[in-house]
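Here is a short briefing on one protein chain. Please keep the sequence and the model in view while reading.

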Amino acid sequence: MFRGRVSPLLEPLVPLEVLDTGRQIHTIEAILDTGFDGSLCLPGQVIRRIGYPLYDDFASTLANSQEVILSGYEGQIMWHGRRRTVLVLESEDQALLGMNLLWRNQILIGAYANGPVTIEELD
């Protein structure tokens, strides 16, 4: 189970453990984004610091309907206590956790500043 909080800007935030290429764990705070159908977006500076290898470029449509090409990287995270390989897309400045990771999970959000956010794996 993951436990996070709602920011003062009403963004649901959750801590996420990402593994660098030496398998060292780094905790980042990601915005839970139900409009993002991928797994994870990380800022370019984080991807370079962690050392993820470039996988390919991907065409994406942003929330404002703008079409962009994003670099994709092969990354590893800890998800419900298990190491998982995911496609990490490069963002400019925000870490986003998307619906692909949330498949077969239950999300509860106290939709107010500092409200609780929980992600629980379903059977």
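The protein chain exposes about 7,400 Å², and carbon and sulfur atoms supply 49% of that area. The model is predicted. Buried residues make up 42% of the 123 residues.

**Overall fold**

- The protein chain holds two helices and 10 strands.
- Read from the N terminus, the order of elements is β-β-β-β-α-β-β-β-β-α-β-β.
- The radius of gyration is 14 Å, close to the 14 Å from the globule rule for 123 residues, so the chain is as compact as a globular protein of that length.
- The C-alpha trace spans about 35 × 35 × 25 Å along its principal axes.
- Among contacts with a separation of 6 or more, 54% join residues 24 or more positions apart.

**Nonpolar cores**

- The largest nonpolar core has 25 residues.
- Those with the most contacts inside this core are L16, L42, Y52, I77, W79, V88 and L97.
- Which residues does I77 touch beyond four places in sequence? They are L16, E17, V18, L19, L40, R82, R83, R84, V86 and L101.

- Strand β4 covers residues 40-43.
- L40 and L42 point one way from β4, while C41 and P43 point the other way. All four of these residues are buried.
- β4 runs parallel to strand β7 (residues 82-91), and four bridges join the two.
- P43 in β4 stands opposite S91 in β7.
- Strand β8 (residues 96-97) pairs with β4 in the antiparallel sense, over two bridges.
- L40 has L97 as its bridge partner in β8.

**L96 in β8**

- L96 lies in strand β8.
- Is L96 buried or exposed? Its relative accessible area is 15%, under the 20% cut-off, so L96 is buried.
- Leaving out residues up to four places away in sequence, L96 touches A30, I31, D33, F36, S39, L40 and C41.
- L96 and L32 are 64 residues apart in sequence, yet their C-alpha atoms are 6.0 Å apart in space.

**L54 in β5**

- L54 is found in strand β5 (residues 54-61).
- Why does L54 count as exposed? Its relative accessible area is 56%, and exposed means over 50%.
- S71, G72 and Y73 are the residues that L54 touches, not counting those up to four places away in sequence.
- L54 and L89 are 35 residues apart in sequence, and 9.8 Å separates them C-alpha to C-alpha.

**T118 in β10**

- T118 sits in strand β10 (residues 116-121).
- T118 counts as buried because its relative accessibility is 14%, under the 20% cut-off.
- Neighbours within four places aside, T118 is in contact with M1, F2, R3, Q106, I107 and L108.

Conventions
Residues numbered from 1 in each chain as written. Predicted model: local features only at pLDDT ≥ 70, side-chain atom pairs only at ≥ 80, totals over all residues. Heavy atoms only, no water. Core = buried A, V, L, I, M, F, W, Y, C linked by side-chain atoms within 4.5 Å. Buried < 20%, exposed > 50% of the residue type's maximum accessible area, 1.4 Å probe, protein only. Contact = heavy atoms within 4.5 Å. Pairing = 2+ DSSP bridges. Rg over C-alpha atoms; globule rule 2.2 N^0.38 Å. Areas by Shrake-Rupley, 256 points an atom, 1.4 Å probe, with all protein chains shown as cover.
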